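Good morning, colleagues. Please turn to the sequence and the structure, which I will now bring up.

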Amino acid sequence: MQSTHKIAGSAAAGFAAYLTTSASRGDYYVGGEIEGDGGAWHGSPQALDGLGLDPSQPVRKADLVTLMEGRSPASGEPVRRVGGDGSRVAGIDATFSAPKSVSALWAVSDSYRRAQIEVAHHKAVASAIGRIERDVELVRRREHGELRWEKARSLVAAEFVHTSSRLTRDQERDGVPDPQLHSHVVILAAEREDGRFAAVDSRELFRSQRANGAWYRAELAHELRGLGLEIRSGTGRDGRFFELRGVPEELSKRWSRRREVIEKAAREFRDRYGRSPNRGELGSIAVATRGTKTMTAAMDVSTAWRTVGEEYGMSRDRVEQLFNERALEPEPERDITAELLADVTCERSMVETRELEARAFELSAGVARPEAVREQLEELARSGELVRLEGGFWTTRELRELEQRALATAFERSEERVGTATIRSRDVAFFSALERRGHSLTFEQREAIDGLTSWGGVVVLVGEAGTGKGAVLEAARVAWEHEGNRVIGTAIAGATAQRLGADAGIKETMTADSLIHRVEHDRLQLDERTVVVMDEAGMADTRRLADAP
């Protein structure tokens, strides 16, 4: 996954010390006080040279602090302006974390295999940073009084690889953390096309976070497959993630205590306030549940991890077997483009560009590199299978055709004389409403009933909450039944259909899927004497509307 948060200017020195005071792999807990070891610079040679930085050398704490203060390590001159309130953001921490099974395998592996996994992780992080530089508009400029956003020529960032999560409070007793391979990439400045440096617009980094993380994971999966490891894709929330086959899920869960603590605290927040915590509140929860940074000897941590791994069958021989398991059977063929076209509009009729890209990269994990999938997206757009809409949205050709078909059908049926009621039947309905509710209908409600029962095979009623739609539908139902019509209530959700039946007195209700299924299988006959009332029709997707009888 990938997370993003701003580093306040006042926290520059402390955060720099937190990153640079570590052992060779940047681990929180392996002991030692080695300054500046383990960090690496990211950026074009020209940008780094202009700041007096050598990409072949580790990150020095003094240089990192200077850049976080907005000054050039080479000259001491400002490279970024202060904000309007006189403050300056020290940087943006984009953290790229490997899936838990990857971290688990790293923890139980020998030094050679660990190094291979670390190299795969580093390549994936570097590729993700390249993607951010190439595709995300990170620089905000004001020209002629108007704000505009543009892509950076290069980012200036420092990467620190850590291999453990923070201790939870109950772990502080033994001092052994959970393994978690991740990189803190502190983005410090952006080089503009004119060669000048500027602050990075954090808004676009936050908005592209899902796509950036998906790119990283797809690249990581590609690199790990190159090591002989087998990928299990489509895991986690909404199938966005991947794990390694052969690493016991119980072991991954055992080493996810930090996440469990945060999730428990988030549940307690929801129970207390009746809503989920927002991004800022979730960050505060993560900080509040942190343990201390108790140091433990490197050998003790590795020995403890390997001992736990053996409890779950991850012996040295089993680890070595996993690195050669993919060769035992071929990877099944998958059509990523077909999966994407079916997936991106399964719940909504259109998606934003960043969401489309993120889903494409998520689907590619273990199958193709994200760069190849990006090219497939461009080909889908050229062929018309993906249709660009206004405002940065996309839909599919299939869905657009279904939408046009549904609109054409509704337009044609709007001229039909179906579900009509005479003035006499409407008067009966008005009197029934007066008797049932103890007051007459308003002028607007009477107009709505006239519209529903006067003309048209397809009629739409739109009303805000609390405007009395239930009373209108109940009166219309009385008018329709007085004319001898059969009234069926439906909705996408079963609970909504039941509520419609209770509010409008409709005895026969069912979900939209059930209605379509019964009609298609001749279990329900609809004719000119049948009126179907669909509540919350705006919740219906295009496919259901196109298939509606």
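In what sense do strand E12 and strand E13 pair, and over how many bridges? Before I reply, please note that this is a predicted model. E12 and E13, the latter covering residues 393-396, pair in the antiparallel sense, and three bridges connect them. To locate this pairing on the sequence, look at valine 387, whose bridge partner in E13 is threonine 395.

These two strands belong to an open sheet of three strands, with the order E11-E13-E12 and antiparallel pairing. Its edge strands are E11, at 351-352, and E12, at 386-388, each of which pairs on one side only. Helix H16, residues 397-413, lies across E12 and E13. The helix runs at about 80° to E13.

I turn now to another sheet. Three strands make up this open sheet in the order E15-E14-E16, and here the pairing is parallel. At the edges are E15, spanning 508-511, and E16, spanning 530-534; each pairs on one side only. On average, neighbouring strands of this sheet are turned by 25° against each other, direction ignored.

Which strand is joined to E16 by five bridges? That is strand E14, residues 486-491, which runs parallel to E16. Within this part of the model, glycine 489 stands opposite valine 533 in E16. Helix H21, residues 512-520, packs on the sheet and touches E14, E15 and E16. The direction of H21 makes about 100° with that of E15.

To close, I would set the two pairings side by side: antiparallel in the sheet E11-E13-E12, and parallel in the sheet E15-E14-E16. Thank you for your attention.

Terms used. Residues numbered from 1 in each chain as written. Predicted model: local features only at pLDDT ≥ 70, side-chain atom pairs only at ≥ 80, totals over all residues. Heavy atoms only, no water. Pairing = 2+ DSSP bridges. Helix = DSSP H or I, 4+ residues; strand = E, 2+ residues; numbered from the N terminus. Contact = heavy atoms within 4.5 Å. Axes fitted to C-alpha atoms, helices over the stretch in contact; angles between N-to-C directions.
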